[in-house]
Amino acid sequence: MPVNKASNTDEFVKGLWRDNPVFIMVLGMCPALAVSNTALNALTMGLATSFVLLMSAICVSSLRHFIPRETRIVSYICIIASFVTAVDYLLQAISLELHKSLGAFIALIVVNCLILGRAEAFSSRNRLVPSVMDALGMGVGFTLALLSIGAVREILGAGSLFNVPLFPDGYQTWTVMVLPSGGFFVTAFWLVVVNWIHQRRALSP
Amino acid sequence: MNGTPALDKLPTSALAMYRSIMVIGALCALMIVTVFNATEARIARNREQALAAAVNAVLPEARVTVPVALDAAGALHTADVLPALPVFLGYDADNQLVGAAITGIGMGYQDNIRVLYAYSFERQAIIGFKVLESKETPGLGDRVETEAHFIANFEALDAQLDATGNSLANAIVPVKQGEKNNPWEVDGITGATITSFAIGNILNDSASEWVPVLEANRQVFAQAPAQEGNRGAGE
(Lines give C-alpha, C1' and ligand atoms only; values in the text may rest on other atoms or scores of the structure.)
Protein backbone atom coordinates (compact mmCIF):
# COMPACT_ATOMS: atom_id res chain seq x y z
CA MET A 1 0.00 0.00 0.00
CA PRO A 2 1.46 3.39 -0.90
CA VAL A 3 2.38 5.60 2.00
CA ASN A 4 -0.12 8.41 2.12
CA LYS A 5 1.37 11.55 3.55
CA ALA A 6 -1.17 14.01 2.26
CA SER A 7 -3.51 15.43 4.86
CA ASN A 8 -7.25 14.79 4.71
CA THR A 9 -7.90 18.43 3.93
CA ASP A 10 -5.55 18.18 1.01
CA GLU A 11 -7.41 15.13 -0.28
CA PHE A 12 -10.56 17.22 -0.24
CA VAL A 13 -9.16 20.42 -1.70
CA LYS A 14 -7.33 18.80 -4.63
CA GLY A 15 -10.61 17.82 -6.30
CA LEU A 16 -11.88 21.38 -6.20
CA TRP A 17 -9.11 23.00 -8.17
CA ARG A 18 -5.73 21.31 -8.69
CA ASP A 19 -7.13 17.98 -9.92
CA ASN A 20 -10.61 19.17 -10.86
CA PRO A 21 -12.28 16.18 -12.56
CA VAL A 22 -13.79 18.17 -15.45
CA PHE A 23 -11.36 21.01 -16.10
CA ILE A 24 -8.04 19.30 -15.31
CA MET A 25 -8.54 15.52 -15.57
CA VAL A 26 -11.25 15.90 -18.26
CA LEU A 27 -13.25 12.98 -16.86
CA GLY A 28 -17.02 12.57 -16.99
CA MET A 29 -17.34 14.80 -20.03
CA CYS A 30 -20.47 13.07 -21.29
CA PRO A 31 -22.77 14.36 -18.52
CA ALA A 32 -20.75 17.58 -18.29
CA LEU A 33 -21.63 18.41 -21.89
CA ALA A 34 -25.07 16.85 -22.07
CA VAL A 35 -26.96 17.90 -18.97
CA SER A 36 -25.39 21.27 -18.29
CA ASN A 37 -28.03 23.08 -20.37
CA THR A 38 -29.58 24.62 -17.26
CA ALA A 39 -28.12 25.37 -13.85
CA LEU A 40 -30.71 23.15 -12.14
CA ASN A 41 -29.96 20.14 -14.34
CA ALA A 42 -26.23 20.67 -13.78
CA LEU A 43 -26.65 20.92 -10.03
CA THR A 44 -28.84 17.81 -9.85
CA MET A 45 -26.46 15.81 -12.01
CA GLY A 46 -23.49 16.99 -9.92
CA LEU A 47 -25.19 16.04 -6.65
CA ALA A 48 -26.35 12.67 -7.97
CA THR A 49 -22.83 11.87 -9.20
CA SER A 50 -21.31 13.06 -5.90
CA PHE A 51 -23.65 10.80 -3.95
CA VAL A 52 -22.66 7.76 -6.02
CA LEU A 53 -18.99 8.75 -5.79
CA LEU A 54 -19.15 9.09 -2.00
CA MET A 55 -21.12 5.91 -1.34
CA SER A 56 -19.00 3.80 -3.67
CA ALA A 57 -15.82 5.22 -2.10
CA ILE A 58 -17.09 4.20 1.34
CA CYS A 59 -17.93 0.67 0.15
CA VAL A 60 -14.78 0.14 -1.91
CA SER A 61 -12.51 1.48 0.81
CA SER A 62 -14.20 -0.57 3.57
CA LEU A 63 -14.13 -3.74 1.49
CA ARG A 64 -10.67 -3.23 -0.02
CA HIS A 65 -9.09 -6.13 1.89
CA PHE A 66 -12.03 -8.38 1.11
CA ILE A 67 -12.16 -7.86 -2.67
CA PRO A 68 -9.48 -9.89 -4.51
CA ARG A 69 -7.57 -8.19 -7.33
CA GLU A 70 -9.11 -10.48 -9.93
CA THR A 71 -12.70 -9.55 -9.16
CA ARG A 72 -12.21 -5.90 -8.30
CA ILE A 73 -13.61 -4.34 -11.49
CA VAL A 74 -16.78 -6.42 -11.45
CA SER A 75 -17.19 -5.69 -7.74
CA TYR A 76 -16.73 -1.94 -8.21
CA ILE A 77 -19.16 -1.81 -11.12
CA CYS A 78 -21.70 -3.80 -9.15
CA ILE A 79 -21.41 -1.40 -6.22
CA ILE A 80 -21.57 1.69 -8.46
CA ALA A 81 -24.52 0.37 -10.47
CA SER A 82 -26.45 -0.38 -7.28
CA PHE A 83 -26.01 3.15 -5.99
CA VAL A 84 -26.99 4.57 -9.37
CA THR A 85 -30.18 2.50 -9.25
CA ALA A 86 -30.83 3.86 -5.76
CA VAL A 87 -30.28 7.44 -7.00
CA ASP A 88 -32.67 6.77 -9.86
CA TYR A 89 -35.46 5.77 -7.44
CA LEU A 90 -34.67 8.61 -5.03
CA LEU A 91 -34.80 11.21 -7.81
CA GLN A 92 -38.13 9.84 -9.04
CA ALA A 93 -39.43 10.14 -5.48
CA ILE A 94 -38.18 13.72 -5.19
CA SER A 95 -39.38 15.03 -8.56
CA LEU A 96 -40.50 13.20 -11.67
CA GLU A 97 -40.06 16.38 -13.70
CA LEU A 98 -36.40 16.63 -12.72
CA HIS A 99 -35.90 12.92 -13.34
CA LYS A 100 -37.39 13.31 -16.80
CA SER A 101 -35.23 16.31 -17.67
CA LEU A 102 -32.07 14.32 -16.87
CA GLY A 103 -33.40 11.43 -18.96
CA ALA A 104 -31.00 8.63 -19.75
CA PHE A 105 -28.08 10.38 -18.06
CA ILE A 106 -28.99 9.20 -14.56
CA ALA A 107 -28.52 5.58 -15.62
CA LEU A 108 -25.35 6.59 -17.44
CA ILE A 109 -23.68 7.68 -14.17
CA VAL A 110 -22.67 3.99 -14.01
CA VAL A 111 -20.23 4.51 -16.86
CA ASN A 112 -18.92 7.86 -15.67
CA CYS A 113 -15.21 7.06 -15.65
CA LEU A 114 -14.68 9.52 -12.81
CA ILE A 115 -16.36 7.14 -10.35
CA LEU A 116 -14.68 3.92 -11.44
CA GLY A 117 -11.43 5.88 -11.80
CA ARG A 118 -11.50 7.13 -8.20
CA ALA A 119 -12.53 3.69 -6.91
CA GLU A 120 -9.61 2.04 -8.71
CA ALA A 121 -7.01 4.75 -8.21
CA PHE A 122 -7.81 5.93 -4.73
CA SER A 123 -10.47 4.23 -2.59
CA SER A 124 -9.15 0.72 -3.21
CA ARG A 125 -5.73 1.72 -1.85
CA ASN A 126 -6.59 4.08 0.97
CA ARG A 127 -8.25 4.06 4.35
CA LEU A 128 -11.86 5.12 4.81
CA VAL A 129 -11.36 8.74 5.90
CA PRO A 130 -8.99 9.83 3.10
CA SER A 131 -11.24 8.00 0.60
CA VAL A 132 -14.28 9.87 1.84
CA MET A 133 -12.42 13.18 1.66
CA ASP A 134 -11.19 12.39 -1.85
CA ALA A 135 -14.71 11.45 -3.00
CA LEU A 136 -16.22 14.55 -1.40
CA GLY A 137 -13.62 16.80 -3.01
CA MET A 138 -14.05 15.19 -6.43
CA GLY A 139 -17.84 15.33 -6.07
CA VAL A 140 -17.89 18.99 -5.11
CA GLY A 141 -15.34 19.78 -7.83
CA PHE A 142 -17.47 17.96 -10.41
CA THR A 143 -20.64 19.70 -9.22
CA LEU A 144 -18.99 23.14 -9.29
CA ALA A 145 -17.63 22.51 -12.78
CA LEU A 146 -21.04 21.42 -14.08
CA LEU A 147 -22.68 24.34 -12.34
CA SER A 148 -20.25 26.84 -13.86
CA ILE A 149 -20.98 25.43 -17.33
CA GLY A 150 -24.72 25.21 -16.68
CA ALA A 151 -25.00 28.73 -15.26
CA VAL A 152 -23.31 30.32 -18.29
CA ARG A 153 -25.42 28.27 -20.70
CA GLU A 154 -28.67 29.09 -18.95
CA ILE A 155 -27.92 32.80 -18.57
CA LEU A 156 -26.95 33.21 -22.22
CA GLY A 157 -29.34 30.67 -23.71
CA ALA A 158 -32.48 31.27 -21.71
CA GLY A 159 -31.85 34.59 -19.96
CA SER A 160 -32.43 33.08 -16.55
CA LEU A 161 -30.62 31.39 -13.67
CA PHE A 162 -32.33 28.54 -11.76
CA ASN A 163 -35.46 29.46 -13.76
CA VAL A 164 -35.41 33.02 -12.37
CA PRO A 165 -35.52 35.51 -15.27
CA LEU A 166 -32.55 37.87 -15.15
CA PHE A 167 -33.24 40.26 -17.98
CA PRO A 168 -36.13 42.48 -19.09
CA ASP A 169 -38.55 41.10 -21.68
CA GLY A 170 -36.66 42.34 -24.72
CA TYR A 171 -33.62 40.09 -24.06
CA GLN A 172 -32.64 38.15 -27.18
CA THR A 173 -31.80 34.62 -25.99
CA TRP A 174 -28.78 32.90 -27.48
CA THR A 175 -30.47 29.59 -28.27
CA VAL A 176 -27.31 27.82 -29.42
CA MET A 177 -26.10 27.86 -25.81
CA VAL A 178 -28.81 25.47 -24.60
CA LEU A 179 -28.28 23.20 -27.60
CA PRO A 180 -25.53 20.54 -27.53
CA SER A 181 -23.04 22.75 -29.38
CA GLY A 182 -23.35 25.36 -26.63
CA GLY A 183 -22.01 22.76 -24.20
CA PHE A 184 -18.83 22.46 -26.24
CA PHE A 185 -18.39 26.25 -26.51
CA VAL A 186 -18.82 26.92 -22.81
CA THR A 187 -16.75 23.91 -21.70
CA ALA A 188 -13.93 24.98 -24.01
CA PHE A 189 -14.13 28.51 -22.63
CA TRP A 190 -13.81 27.29 -19.03
CA LEU A 191 -11.00 24.88 -19.98
CA VAL A 192 -9.06 27.81 -21.42
CA VAL A 193 -9.67 30.02 -18.39
CA VAL A 194 -8.82 27.36 -15.79
CA ASN A 195 -5.74 26.10 -17.58
CA TRP A 196 -4.51 29.64 -18.29
CA ILE A 197 -4.69 30.41 -14.55
CA HIS A 198 -2.88 27.15 -13.76
CA GLN A 199 -0.14 27.95 -16.23
CA ARG A 200 0.31 31.49 -14.93
CA ARG A 201 0.64 30.15 -11.41
CA ALA A 202 3.15 27.52 -12.47
CA LEU A 203 5.28 30.10 -14.28
CA SER A 204 5.15 32.81 -11.65
CA PRO A 205 8.02 32.62 -9.15
CA MET B 1 -4.00 -16.10 -17.36
CA ASN B 2 -0.77 -17.71 -18.49
CA GLY B 3 -0.17 -19.41 -15.17
CA THR B 4 2.62 -17.08 -14.04
CA PRO B 5 1.64 -15.69 -10.65
CA ALA B 6 2.26 -12.01 -10.01
CA LEU B 7 5.47 -11.41 -8.14
CA ASP B 8 4.01 -9.57 -5.21
CA LYS B 9 1.00 -11.74 -4.53
CA LEU B 10 -0.01 -15.36 -4.64
CA PRO B 11 -2.94 -16.17 -6.94
CA THR B 12 -6.30 -15.79 -5.23
CA SER B 13 -8.27 -18.96 -4.62
CA ALA B 14 -11.43 -19.44 -6.63
CA LEU B 15 -13.38 -19.61 -3.39
CA ALA B 16 -12.27 -16.14 -2.35
CA MET B 17 -13.36 -14.77 -5.70
CA TYR B 18 -16.76 -16.44 -5.53
CA ARG B 19 -17.16 -15.29 -1.95
CA SER B 20 -16.39 -11.67 -2.72
CA ILE B 21 -18.77 -11.52 -5.67
CA MET B 22 -21.56 -13.32 -3.83
CA VAL B 23 -21.30 -11.11 -0.75
CA ILE B 24 -21.14 -7.88 -2.75
CA GLY B 25 -24.00 -8.99 -4.98
CA ALA B 26 -26.14 -9.84 -1.96
CA LEU B 27 -25.37 -6.52 -0.24
CA CYS B 28 -26.17 -4.57 -3.41
CA ALA B 29 -29.42 -6.45 -3.96
CA LEU B 30 -30.44 -5.80 -0.36
CA MET B 31 -29.77 -2.09 -0.75
CA ILE B 32 -31.70 -1.80 -4.01
CA VAL B 33 -34.71 -3.61 -2.55
CA THR B 34 -34.64 -1.39 0.55
CA VAL B 35 -34.52 1.82 -1.50
CA PHE B 36 -37.21 0.53 -3.85
CA ASN B 37 -39.55 -0.25 -0.96
CA ALA B 38 -38.88 3.06 0.71
CA THR B 39 -39.58 5.13 -2.40
CA GLU B 40 -42.34 3.07 -4.06
CA ALA B 41 -45.35 4.83 -2.51
CA ARG B 42 -43.92 8.28 -3.12
CA ILE B 43 -43.09 7.50 -6.76
CA ALA B 44 -46.61 6.14 -7.34
CA ARG B 45 -48.06 9.36 -5.93
CA ASN B 46 -45.77 11.49 -8.11
CA ARG B 47 -46.82 9.46 -11.17
CA GLU B 48 -50.48 9.97 -10.35
CA GLN B 49 -49.99 13.72 -10.00
CA ALA B 50 -48.00 13.90 -13.23
CA LEU B 51 -50.72 11.94 -15.03
CA ALA B 52 -53.42 14.28 -13.69
CA ALA B 53 -51.39 17.28 -14.87
CA ALA B 54 -50.88 15.68 -18.29
CA VAL B 55 -54.61 14.93 -18.66
CA ASN B 56 -55.29 18.53 -17.80
CA ALA B 57 -52.76 19.71 -20.37
CA VAL B 58 -54.08 17.62 -23.30
CA LEU B 59 -57.77 18.12 -22.45
CA PRO B 60 -57.99 21.60 -20.92
CA GLU B 61 -61.74 21.91 -21.53
CA ALA B 62 -62.48 19.08 -19.12
CA ARG B 63 -63.40 20.09 -15.58
CA VAL B 64 -64.04 16.56 -14.35
CA THR B 65 -62.36 13.41 -15.60
CA VAL B 66 -63.49 9.84 -15.05
CA PRO B 67 -61.21 6.84 -15.59
CA VAL B 68 -62.80 4.10 -17.69
CA ALA B 69 -61.75 0.59 -18.63
CA LEU B 70 -62.97 -2.34 -20.70
CA ASP B 71 -64.10 -5.44 -18.83
CA ALA B 72 -63.46 -9.00 -20.00
CA ALA B 73 -66.63 -8.97 -22.12
CA GLY B 74 -65.50 -5.81 -23.91
CA ALA B 75 -67.96 -3.44 -22.21
CA LEU B 76 -66.86 0.02 -21.10
CA HIS B 77 -67.30 0.88 -17.42
CA THR B 78 -65.86 3.36 -14.95
CA ALA B 79 -62.63 2.08 -13.43
CA ASP B 80 -61.97 2.05 -9.71
CA VAL B 81 -58.35 1.09 -10.10
CA LEU B 82 -56.26 2.73 -12.83
CA PRO B 83 -55.15 0.14 -15.39
CA ALA B 84 -51.60 0.13 -16.80
CA LEU B 85 -52.77 2.26 -19.74
CA PRO B 86 -55.46 4.49 -18.27
CA VAL B 87 -58.19 6.15 -20.32
CA PHE B 88 -60.15 9.11 -18.97
CA LEU B 89 -63.41 10.63 -20.14
CA GLY B 90 -63.50 14.40 -19.77
CA TYR B 91 -66.60 16.46 -18.92
CA ASP B 92 -66.98 20.23 -19.14
CA ALA B 93 -68.47 22.53 -16.50
CA ASP B 94 -72.02 21.53 -17.59
CA ASN B 95 -71.19 17.81 -17.12
CA GLN B 96 -71.27 17.23 -20.89
CA LEU B 97 -68.82 14.77 -22.44
CA VAL B 98 -66.18 16.70 -24.40
CA GLY B 99 -63.39 14.24 -25.01
CA ALA B 100 -61.17 11.46 -23.81
CA ALA B 101 -57.57 11.33 -22.71
CA ILE B 102 -56.01 8.03 -23.77
CA THR B 103 -52.67 6.48 -22.85
CA GLY B 104 -50.78 4.65 -25.58
CA ILE B 105 -47.53 2.72 -25.51
CA GLY B 106 -45.14 1.45 -28.15
CA MET B 107 -41.52 0.78 -28.93
CA GLY B 108 -39.36 3.81 -29.72
CA TYR B 109 -35.69 3.87 -30.62
CA GLN B 110 -34.37 2.97 -27.16
CA ASP B 111 -37.27 1.71 -25.11
CA ASN B 112 -41.04 1.91 -24.78
CA ILE B 113 -42.56 5.36 -25.18
CA ARG B 114 -45.73 6.16 -23.21
CA VAL B 115 -47.87 8.95 -24.56
CA LEU B 116 -51.13 10.59 -23.59
CA TYR B 117 -53.39 12.08 -26.23
CA ALA B 118 -56.80 13.70 -26.29
CA TYR B 119 -59.66 12.67 -28.57
CA SER B 120 -62.42 15.18 -29.24
CA PHE B 121 -65.89 13.70 -29.85
CA GLU B 122 -67.10 16.87 -31.51
CA ARG B 123 -64.22 17.18 -33.96
CA GLN B 124 -63.54 13.43 -34.28
CA ALA B 125 -59.86 14.18 -34.12
CA ILE B 126 -56.85 13.96 -31.84
CA ILE B 127 -56.49 17.43 -30.34
CA GLY B 128 -53.68 17.17 -27.81
CA PHE B 129 -50.56 15.11 -27.19
CA LYS B 130 -47.95 14.70 -24.47
CA VAL B 131 -45.10 12.27 -23.90
CA LEU B 132 -45.44 10.67 -20.47
CA GLU B 133 -42.32 8.55 -20.47
CA SER B 134 -39.48 8.14 -22.93
CA LYS B 135 -35.81 7.25 -22.92
CA GLU B 136 -35.15 8.53 -26.44
CA THR B 137 -31.75 9.95 -27.39
CA PRO B 138 -31.29 13.38 -25.83
CA GLY B 139 -31.11 16.04 -28.52
CA LEU B 140 -32.48 13.73 -31.24
CA GLY B 141 -35.40 11.47 -30.34
CA ASP B 142 -36.56 13.64 -27.49
CA ARG B 143 -37.34 16.41 -29.96
CA VAL B 144 -40.81 14.86 -30.33
CA GLU B 145 -41.58 16.70 -27.10
CA THR B 146 -40.28 20.08 -28.17
CA GLU B 147 -40.31 20.45 -31.97
CA ALA B 148 -43.09 22.94 -32.80
CA HIS B 149 -43.99 21.51 -36.23
CA PHE B 150 -44.31 18.03 -34.74
CA ILE B 151 -46.52 19.17 -31.86
CA ALA B 152 -48.67 21.01 -34.46
CA ASN B 153 -49.63 17.57 -35.88
CA PHE B 154 -51.81 17.06 -32.84
CA GLU B 155 -53.88 20.22 -33.02
CA ALA B 156 -56.36 18.37 -35.25
CA LEU B 157 -55.21 14.91 -36.33
CA ASP B 158 -58.08 13.25 -38.15
CA ALA B 159 -59.40 10.13 -36.40
CA GLN B 160 -62.87 9.72 -37.97
CA LEU B 161 -64.44 6.29 -38.03
CA ASP B 162 -65.52 4.65 -41.27
CA ALA B 163 -69.15 3.77 -42.08
CA THR B 164 -69.05 0.53 -40.07
CA GLY B 165 -67.86 2.37 -36.95
CA ASN B 166 -65.38 -0.38 -36.19
CA SER B 167 -62.19 1.13 -37.53
CA LEU B 168 -60.65 4.44 -38.48
CA ALA B 169 -61.71 5.79 -41.87
CA ASN B 170 -58.07 6.58 -42.56
CA ALA B 171 -55.28 4.93 -40.60
CA ILE B 172 -52.99 7.45 -38.90
CA VAL B 173 -49.73 7.26 -40.82
CA PRO B 174 -46.39 8.88 -40.08
CA VAL B 175 -44.71 10.52 -43.09
CA LYS B 176 -41.30 12.12 -43.65
CA GLN B 177 -40.89 15.71 -42.59
CA GLY B 178 -42.60 18.09 -45.02
CA GLU B 179 -44.58 15.38 -46.80
CA LYS B 180 -47.81 15.70 -44.85
CA ASN B 181 -50.73 16.27 -47.25
CA ASN B 182 -53.71 14.80 -45.39
CA PRO B 183 -55.13 15.53 -41.94
CA TRP B 184 -54.55 11.92 -40.82
CA GLU B 185 -50.82 12.01 -41.54
CA VAL B 186 -48.19 12.74 -38.89
CA ASP B 187 -45.39 14.96 -40.15
CA GLY B 188 -42.16 13.35 -38.93
CA ILE B 189 -38.89 14.89 -37.76
CA THR B 190 -35.70 14.64 -39.80
CA GLY B 191 -33.03 13.32 -37.43
CA ALA B 192 -35.63 11.70 -35.21
CA THR B 193 -37.32 9.56 -37.85
CA ILE B 194 -37.63 6.40 -35.78
CA THR B 195 -39.04 8.14 -32.71
CA SER B 196 -41.46 10.36 -34.64
CA PHE B 197 -42.67 7.41 -36.72
CA ALA B 198 -43.04 5.37 -33.54
CA ILE B 199 -45.33 8.06 -32.12
CA GLY B 200 -47.47 7.98 -35.28
CA ASN B 201 -47.77 4.20 -35.03
CA ILE B 202 -48.56 4.28 -31.30
CA LEU B 203 -51.38 6.75 -31.99
CA ASN B 204 -52.71 4.62 -34.85
CA ASP B 205 -52.70 1.41 -32.79
CA SER B 206 -54.26 3.04 -29.76
CA ALA B 207 -56.83 5.12 -31.65
CA SER B 208 -57.87 2.11 -33.78
CA GLU B 209 -58.59 0.28 -30.56
CA TRP B 210 -60.16 3.05 -28.48
CA VAL B 211 -62.00 5.44 -30.81
CA PRO B 212 -64.55 2.79 -31.96
CA VAL B 213 -65.19 1.80 -28.33
CA LEU B 214 -65.55 5.39 -27.18
CA GLU B 215 -67.84 6.38 -30.04
CA ALA B 216 -70.01 3.29 -29.45
CA ASN B 217 -70.42 4.26 -25.80
CA ARG B 218 -70.72 7.99 -26.40
CA GLN B 219 -74.43 8.18 -25.53
CA VAL B 220 -74.12 6.00 -22.42
CA PHE B 221 -71.43 8.26 -20.97
CA ALA B 222 -72.76 11.54 -22.35
CA GLN B 223 -73.33 12.92 -18.85
CA ALA B 224 -70.82 12.79 -16.03
CA PRO B 225 -71.66 9.83 -13.77
CA ALA B 226 -72.66 10.38 -10.12
CA GLN B 227 -70.15 12.24 -8.02
CA GLU B 228 -68.67 9.30 -6.10
CA GLY B 229 -67.23 7.78 -9.28
CA ASN B 230 -65.35 10.95 -10.17
CA ARG B 231 -61.68 11.45 -9.83
CA GLY B 232 -60.55 15.01 -9.76
CA ALA B 233 -57.79 14.55 -12.33
CA GLY B 234 -58.94 17.61 -14.24
CA GLU B 235 -59.10 19.89 -11.24
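The model is predicted, and the predictor gives the complex an ipTM of 0.84 and a pTM of 0.78. Chain A is built from 8 helices and 2 strands, while chain B carries an open sheet of 7 strands. Between the two chains, 22 residues of chain A are in contact with 23 residues of chain B.

- Chain A averages a pLDDT of 90, and 97% of its residues score at least 70.
- Within chain A, helix α5(A), residues 96-102, has the lowest confidence with a mean of 85, whereas α4(A) has the highest at 95.
- Chain B averages a pLDDT of 87, with 91% of the residues at 70 or better.

**Chain A overall**

- Reading from the N terminus, the elements go α-α-α-α-α-α-α-β-β-α.
- The radius of gyration of chain A is 18 Å, which agrees with the value near 17 Å that a compact globule of 205 residues would have.
- Along the principal axes, the C-alpha atoms of chain A fill a box of roughly 60 × 50 × 25 Å.
- Buried residues account for 40% of the 205 in chain A.
- Take the contacts in chain A between residues at least 6 apart in sequence: 76% of them join residues at least 24 apart.

**The sheet in chain B**

- The strand order is β2-β1-β3-β4-β5-β6-β7, with antiparallel pairing. Strands β2 (76-78) and β7 (157-158) of chain B stand at the edges with a single partner strand each, so one side of each has no neighbour in the sheet.
- Helix α1(B), residues 14-58, packs on this sheet and touches β1, β3, β4, β5 and β6 of chain B. The direction of α1(B) makes about 155 degrees with that of β6(B).
- Helix α3(B), residues 193-216, packs on the sheet too, touching β1, β2, β3, β4, β5 and β6 of chain B. The angle between the directions of α3(B) and β4(B) is about 135 degrees.

**Zooming in on β4(B)**

- Strand β4(B) spans residues 97-107 and is mostly covered, with 8 of its 11 residues buried.
- On one side, 5 bridges tie β4(B) to β3(B), residues 87-91, in an antiparallel arrangement. Tyr91(B) has Leu97(B) in β4(B) as its bridge partner.
- The hairpin of β3(B) and β4(B) has 5 residues between the strands, and Asn95(B) takes a positive phi near 65 degrees there.
- Strand β4(B) is also joined to β5(B), residues 112-120, by 9 bridges, again antiparallel. Ile105(B) has its bridge partner, Arg114(B), in β5(B).
- The hairpin from β4(B) to β5(B) goes through 4 residues.

**Where the chains meet**

- Contact between the chains involves 22 residues of chain A and 23 of chain B. Helix α4(A), residues 72-94, supplies the largest share of chain A's side, 11 residues.
- By residue type, the side of chain A that touches chain B splits into 14 nonpolar, 6 polar and 2 charged.
- On confidence, α4(A) is also the element of chain A that scores highest, at 95.

Technical notes:
Residues are numbered from 1 along each chain as its sequence is written. Chains are lettered from A and ligands numbered from 1 in the order in which they are written. This is a predicted model: local features need pLDDT of at least 70, side-chain atom pairs count only at pLDDT 80 or more; totals for chains, interfaces and linings use all residues. The radius of gyration is taken over C-alpha atoms; the globule rule is 2.2 Å times the number of residues to the power 0.38. A residue is buried if 20 or more other C-beta atoms lie within 10 Å of its own, exposed if 12 or fewer, and partly exposed in between; C-beta atoms are placed from the backbone. Two residues are in contact if their C-beta atoms, placed from the backbone, lie within 7 Å. Two strands pair if DSSP finds at least two bridges between them. Ala, Val, Leu, Ile, Met, Phe, Trp, Tyr, Cys and Pro count as nonpolar, Asp, Glu, Lys and Arg as charged, and the others, Gly among them, as polar. pLDDT is the predictor's confidence in each residue, from 0 to 100. Axes are lines fitted to C-alpha atoms, for helices over the stretch in contact, and angles run from 0 to 180 degrees between N-to-C directions.
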